Amino acid sequence: MKEFALEVKDLNVWIRDKHIIKGVSVQIPRAKILAVMGPSGSGKSTMLRAINRLIELIPDARVEGRVEVYGRDVYAEDPYKIRRIMGTVFQTPNPFPHMSIYENVAIGPKINRLVKSKRELDELVRWALEKAMLWDEVKDRLHDPPHRLSGGQQQRLCLARALALKPKLLLLDEPTGNVDPVNAVKIEEALKGLVKELGLTIVLVTHTPQQAVRISDYIAFLYMGKLVEFGLTDRIALNPSHELTVKFLRGEV
Amino acid sequence: MKAKHDKLFYLSLLPFASVIFVIFALLTFVLVSESWPAVQRWGLSLFTENVWKPSEVSVEQARYGLLAPMYGTLLTSVLAAAIALPLSISTVYFIEELAPRRVRDFFSSVIDLMAGLPTIIYGLWGLEVLVPFLRDSLMYPLRHSLPFLPLFSCDPTAGTSLLAAGVLLSIMIIPYMHGVIKEAYSSIPYTYKEAALSLGTTRYEYFKIMLGLIRPAVLAALLLGLGRAASETVAVALVVGNAFNVSPCLFAPGYTISSLIANQFSEASFYPLMENVMFAGSLVLLVIGVLFSGLGVVMMRRVRELYGR
């Protein structure tokens, strides 16, 4: 039997009495990029937070259905353990302001005891910053506070922070939404590299169909909490089977 | 300040606002000028010696040194802050992260209420309930099991002691420290909480990161708590034992500057210069207060800057 990197089965999410995600099912193999696209308010971010269980931070949120990451039932384990195989990058760059650039990347491995020595940690921090295509820009000022960096650099720092956990699945919530075009391209390139070189699986939430088509292997199109269409990106881009998808790709919804 | 009546309004309120500064300046002036005769008479030894020999007859035979009450003030407030800080931090975590909403509201209201209670209530409760309790279930057991430690090297005869004052003060300053830390904690942007949790943090690691984010507020709480503990008067006067002691033993009765003034000021006018000695003591309190509150305010400002508020 083939094991999926991510398998979502009949996912339903309510916040108070609002039904936010309505019976969504998707599954993707490893080393692929899934783009979850849809207009704002379609439930994309909520779906992401149901995968890494950050949804539980919201009082009165209720989740039904099944989420499996690399064969592990996400809702059957301790949330902190299962989150350690996933890395998350958020819409707004949010490096910890009280930590230096270095510490921001090092905090994850430290917590998860991924390294045994300072040298190993240094190497891992460097590796993560390189993979996030930020190393060259910060290697001489690793101990500066992160607010000295531009917004786009901060976002790549957040990517490095997530990568330092050595995750198998990377979740990104509109990572280029608050970032200038040059940095957006850099982030997209970094993501493609991660899939190719490390075999990482990526779930990327985006509201722009262009980005989805540009970098993903699979597309899930969400509209008002419902999964309108799910399939290979090439197929959906060329030959969408639903009228709503056509409209969204044209920028009409 | 464009419109004319705005300017008038501003000018009409200015005197009221400035009155506060004038009062503060006058107060400082009075404290300094009233302390001066005592400082002139005994010099620095007024603050470095532990003597209390009043004389009704003449200044020549009198001798004063404020070391004991200064030591007591320092010891009791440090003790209070050391007990209150971890308790305040853990109540903040409990209320903000663990408690269901209703329990949270209830606890918050109770803690706010505690901050506003008249301090004499704490004093009476401390004297009647806390002191006997501490004597029987903390001081005697410690005295018997660890008699070789200087901290526990004396018998807690009445129970009124530096330790009792420290513990009572800690209870009294918890609401303040809790309030300062809680305000900062609840203002931590949501996105940092998500970021911390997404790294696979356990509750404890998560809380450590959150505390790191509000470190200036924790420092501010500590400073403001110390300042309050040092200046608290009535409750301490009831439980501290009122004796001129500079003993390392926590069970010994002691004095604090404010409890000394509260106890003896009414009779001080019978003894030449004694009033001035007490003013010198209150000058010390003023310096402590300004220093700690000032630093605390600076820290609070840094908390607000941290998230660009």
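How many of the residues of helix H9 of chain B are buried? The answer comes with the first view. The model shown is predicted.

**View 1. Helix H9 of chain B is mostly covered.**
Of the 17 residues of H9(B), 15 are buried. The helix covers residues 215-231 of chain B. From its first C-alpha to its last, H9(B) reaches 25 Å. That is close to the 24 Å expected at 1.5 Å a residue.

**View 2. Helix H3 of chain B has a kink at B:Ala84.**
H3(B) takes in residues 67-98, which makes 32 residues. Its reach from first C-alpha to last is 45 Å, close to the expected 46 Å. Look for the kink of about 25° at B:Ala84.

**View 3. B:Leu124 sits in helix H5 of chain B.**
H5(B) spans residues 119-145. A residue needs 20 or more to be buried, and 12 or fewer to be exposed. Now find B:Phe107, 17 residues away along the chain. The C-alpha atoms of B:Leu124 and B:Phe107 are separated by 24 Å.

**View 4. Chain B as a whole has 12 helices and 2 strands.**
Read along the sequence, the pattern is α-α-β-β-α-α-α-α-α-α-α-α-α-α. The C-alpha atoms of chain B fill a box of roughly 75 × 70 × 30 Å along the principal axes. Chain B has 309 residues, and 41% of them count as buried. Take the contacts in chain B with a separation of 6 or more. Residues 24 or more positions apart account for 76% of them.

**View 5. An open sheet of 6 strands lies in chain A.**
The strand order is E6-E7-E8-E3-E9-E10, and the pairing is mixed. Which strands form the edges? They are E6 (86-89) and E10 (226-232) of chain A, each pairing on one side only. From one strand to the next, the twist averages 15°. Helix H6 of chain A, residues 151-163, packs on this sheet. It touches E6(A) and strand E7 (169-173) of chain A. The direction of H6(A) makes about 170° with that of E6(A). Strands of a sheet pair through backbone hydrogen bonds, either parallel or antiparallel.

**View 6. Strands E9 and E10 of chain A pair in the antiparallel sense.**
E9(A) runs over residues 218-223. Its pairing with E10(A) counts 6 bridges. One pair to find is A:Ile219, which stands opposite A:Gly231 in E10(A).

**View 7. Strand E4 of chain A pairs with E1 and with E5.**
E1(A), residues 6-15, and E4(A), residues 61-69, are antiparallel over 8 bridges. Here A:Asn12 has A:Glu64 in E4(A) as its bridge partner. E4(A) also pairs with E5(A), residues 72-73, in the antiparallel sense over 2 bridges. In that pair, A:Val69 stands opposite A:Arg72. The hairpin of E4(A) and E5(A) has 2 residues between the strands. In this hairpin, A:Tyr70 takes a positive phi near 50°.

**View 8. A:Ala31 and A:Lys166 have positive phi without being glycines.**
Phi of A:Ala31 is about 60°. This residue lies in the loop between strand E2 (18-28) and strand E3 (33-37) of chain A. A:Ala31 counts as partly exposed because it has 15 C-beta neighbours inside 10 Å. Phi of A:Lys166 is near 55°. Where does A:Lys166 lie? It is in the loop between H6 and E7 of chain A. With 18 C-beta neighbours inside 10 Å, A:Lys166 also counts as partly exposed.

**View 9. Chain A and chain B meet in a contact.**
Chain A gives 18 residues to it, and chain B gives 17 residues. Helix H2 (79-83) and helix H3 (101-111) of chain A each supply at least two residues of the side of chain A that touches chain B. Which element gives the largest share of that side? It is H3(A), with 3 residues. By type, the side of chain A divides into 9 nonpolar, 7 polar and 2 charged residues.

Methods. Residues numbered from 1 in each chain as written. Chains lettered and ligands numbered in written order. Predicted model: local features only at pLDDT ≥ 70, side-chain atom pairs only at ≥ 80, totals over all residues. Pairing = 2+ DSSP bridges. Helix = DSSP H or I, 4+ residues; strand = E, 2+ residues; numbered from the N terminus. Axes fitted to C-alpha atoms, helices over the stretch in contact; angles between N-to-C directions. Contact = placed C-beta atoms within 7 Å. Expected span 1.5 Å × (residues − 1). Bend = angle between axes of the 7 residues up to and from the residue. Nonpolar A, V, L, I, M, F, W, Y, C, P; charged D, E, K, R; others polar.
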